[in-house]
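Please look over the sequence and the model below.

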Amino acid sequence: MFAILLKEIRSFFSSLTGYIAIVIFLLVNVWFMWIGPGEFNVLDGGYANLDTLFVIAPWVFLFLLPAVTMRSFAEEKKTGTLELLLTKPVTRLQLVIGKYLAAVILALFALLPTLVYYISIYQLGHPAGNLDSGAIWGSYIGLVCLAASYAAIGICVSTLTTNQIVAYIVTAVLCFFCYTGFDGLSQLTGSSGFNSLVLSLGINEHYQSISRGVVDSRDLLYFLSLIIVFLGITHLQISSRQRRLKLRFTYTVVALVLTNFIFHNLFFRIDLTDDKRYTLAAVSKETVKSLSGTCHIEVFLDGDMPISVRKLQATIKGTLDELKVYAGNRLQYEFINIEKEAGDSSPEHIYVALSDVGINPFIIQENTGGSTSERVLFPGAIITYVCTVKEGDSTFVERREIPVNFLQNDAQSNPEANILLAQQNVEYELVNAIVRISREHFPHIAFVEGHGELDEYEAGDIGRTLSEFCYIDRINILGRVGILDNYELVIIAKPMEEWPEVDKFVVDQYIMNGGRVAWFIDAVHVHHDSLAQGHYTFALSSNHCLEDQLFRYGVRINPAIVQDLQCSLLQINIAPAGQNAQFKTAYWPYYPLLTPPMNNPITRGLNLIMSRYPGTIDTVNTRPDVRKMYLLYSSQYSKVTQIPFRLSLLETNQQYSPEQFSQSNLPVAVLMEGSFPSAFEHRPVAHYTQGQPFNFINKSAPTKLIVVANGDIIRNNVSANNRIYPLGFDPYINMQFGNKNFIKNIVYYLLDDEQLMQLRSREWELRLLDKHKVKQHRSTWVAVNTIVPPLLVILAGAVFMWVRKRKYAQ
């Protein structure tokens, strides 16, 4: 068998056909990767990876591998040497395997020069070596499996004809069908289960899985089964005792089918990526495993897109594939091309429909022909969940929908970092949405009112958002002890009036019983309407009387206002009295844009948070059983102004300098977790319970509190006709800030979704090419990757011919 293997390799390299085939393979890859313009060009893409190679190589192999295998048996049959080979002391199976291994080795030989591409990307990384080597080697494993499958198909076809050209064409067509034909067949039926089965029969489904850098035992078993089947057919074709072998071959095929079926649910996976990008968290696996209904996900990212967005699309698809592994047919997905769906008409009506259901548009800058243009994308998804619901004696089918947004217009991040952040959060966004939509029992949240808190309009946008996965009630406490006990979370949003002690007692005992509370409290009150009408106003202390209670829990909201050079805009009427209004915008330091830290799952990856007249927070009474973490900070150029003081619109005419804002990173929000002492300990409380029996608790069960020193963070703008504007949206700069996501994450965290929130703590390294190196030495690297790989093949051929000539000359 080894002699046959060497004979095939010598025969291939003894003619120019082999060298030409491999050089063409390399040149085609070089054109797409290094020379030609377009999305596949590595240097233009700016990312340190070899994704283009693993996308292009399967298609180029469709032409290379048939050239390698077309003469394996066809020439032997044509020249009559096959009968001579069959008389040698070698079995027919050994003959097949020998020729097959030779074809695989020749395919590996064609891949070896592509390591020059790896070395080049390694050197061009920023910094050098900043590339995901594990993912690349995993992708090479996938490419080797694909080449081995093509080789088995080619060897099989070469036994069916004596004409090498026919063998070449049939092999190319059959490889094409096995690679992508099943993808088309899967679209012919409406059954999701049957579609998945048909897809799993194709090479592409398994190659795409491995080429991400994830080695799955089921993919390896598929490729092995495919190779065995085609080599078995080859063995049958050259055997004289076909009847007996056909029976064995039938048993083998049945055994392979059963083995693939059995090990479909008994598998192992090795994620070779350095960041473990395709390793699902345990909570994600359990979530999709426990689905009682079916989940259909429509992702609106398909068609012609920038390279960076394509990477996000690939991450979404990869994550959905991973989830589908554990969900089975209960999870289906599709990618939708908005322009294609619109057809010849304008896609504006689709844009409006997506916006209405909660998919936010994303503006991306594109450079074409030296000019910059803006393009609108909708990088989101709609998850539809269909389940059976039982109420009393009746059962009915319920259909639920929830939107998912993968990308935000982040003012802080460059486009690459923004895309990377979105990639890191894909698993969280998908699993979080699935958890919300598939819950049998929705949590209850109470918005407290009765003390001047935000009404249903001022907190309307966040209320509408939370109502997608929670029941929202507005509760006036009125001294009723225990009225909050049935709520999983209480939100106190910007109280403006004094809280009676009995209401404070009700909230206190709710916390003592393990209740969670989110406080959005202003220590300072600024009458903004007076500022707009009279050009000045005063900052005075608020009158809600909650300071003592919060102090007892371990936090103090200071009676001061933060000013910050990192701030949003204020609209001012500059027209003289009695004339038509004339507005201008100016930066207003009293409207700081707060910075969320990246080391907390609640705030990681959020845009800046818009605030108005926020205060600062101090933690007090440090206790070992209470953990405290700050959630929002001012910028490095900020300061604190103590009350009372006067604010004037004339301040907008001042020229501020960084020296005037000498304080930095002032805390504005804090998370506290642990057991808290009662604010009413050592105080008479019988009159609060109206003489009714009551079990007073002086220390809480383990719970969580979040205190934010600004009520406007949760308040949305409302027009004169009660139109509710999006929370955190600044119309003057057309920017959506992170307020809504901040509040949503607070709610998720306080509702005991800690494991789920930890998914937001994942960190992926941004792997980019060094733009300076690319710009300065582009032509050098293009020349190296164009010339060196074919030159290595030519040198190897020259050495082979020299050794062969010398051997036979002797």
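The text below takes up the sheets, then a helix pair, then the charged pairs. The model is predicted.

**The seven-stranded sheet**

Seven strands make up an open sheet with mixed pairing. Their order is β10-β9-β11-β12-β25-β24-β21. The edges are held by β10 (471-476) and β21 (626-633), and each of these pairs on one side only. From one strand to the next, the twist averages 20 degrees.

Tyr633 has Pro667 of β24 as its bridge partner.

Two helices lie across strands of this sheet. Helix α22 (residues 501-512) lies across β11 (489-493), β12 (516-520) and β25 (703-708). Its direction is at about 135 degrees to β12. Helix α25 (residues 739-750) lies across β9 (444-449), β11, β12, β21, β24 and β25. For α25, the angle to β12 is about 160 degrees.

**Phe696 in the β24-β25 loop**

Phe696 sits in the loop between β24 and β25. Is Phe696 buried, partly exposed or exposed? Its relative accessibility is 27%, so Phe696 counts as partly exposed. Leaving aside neighbours within four places in sequence, Phe696 is in contact with Phe505, Gln509, Ser678, Phe680, Glu681 and Val685. Gln654 is 42 residues from Phe696 along the chain, and their C-alpha atoms are separated by 55 Å.

**The three-stranded sheet**

A further open sheet has three strands, in the order β17-β18-β19, with antiparallel pairing. Both β17 (567-573) and β19 (609-610) stand at the edges with a single partner strand, so one side of each has no neighbour in the sheet. Six bridges join β17 to β18 (residues 583-594), and these two strands run antiparallel. Gln571 has Thr585 of β18 as its bridge partner.

**A packed helix pair**

Two packed helices are described by the angle between their axes and the distance between the axes. Helix α10 (residues 164-185) packs with helix α12 (residues 203-211) at an angle of about 105 degrees. Their axes are 6 Å apart. The two helices are therefore roughly perpendicular to each other.

Which residues of α10 and α12 make the contact? From α10 come Cys178, Tyr179 and Asp183. From α12 come Ile203, Asn204, Tyr207 and Gln208. By class, the contact has four nonpolar, two polar and one charged residues.

**Salt bridges**

Side chains of opposite charge can pair when their charged atoms come close. The model has a count of 26 salt bridges.

| Pair | N to O distance |
|---|---|
| Asp321 and Lys317 | 3.1 Å |
| Asp712 and Lys494 | 3.3 Å |
| Arg552 and Glu681 | 2.7 Å |

Asp321 and Lys317 both belong to helix α16 (residues 307-327). They are four residues apart, about one turn of the helix. Lys317 has 33% relative accessibility and counts as partly exposed.

Asp712 and Lys494 meet in a salt bridge. The pair links distant parts of the chain, 218 residues apart. Asp712 is in the loop between β25 and β26 (729-730), and Lys494 is in the loop between β11 and α22. Are these two residues buried or exposed? Asp712 counts as buried, at 11% relative accessibility. Lys494 is buried too, with a relative accessible area of 13%. The cut-off for buried is under 20%.

Arg552 and Glu681 also meet in a salt bridge. Arg552 counts as partly exposed, at 32% relative accessibility. Glu681 is partly exposed, with a relative accessible area of 23%. Glu681 is also one of the residues in contact with Phe696.

A network of salt bridges links Arg212, Asp216, Arg218, Arg269 and Glu322.

Key
Residues numbered from 1 in each chain as written. Predicted model: local features only at pLDDT ≥ 70, side-chain atom pairs only at ≥ 80, totals over all residues. Heavy atoms only, no water. Pairing = 2+ DSSP bridges. Axes fitted to C-alpha atoms, helices over the stretch in contact; angles between N-to-C directions. Contact = heavy atoms within 4.5 Å. Buried < 20%, exposed > 50% of the residue type's maximum accessible area, 1.4 Å probe, protein only. Parallel < 35°, antiparallel > 145°, perpendicular 65-115°, else oblique. Nonpolar A, V, L, I, M, F, W, Y, C, P; charged D, E, K, R; others polar. Salt bridge = Lys/Arg side-chain N within 4 Å of Asp/Glu carboxyl O.
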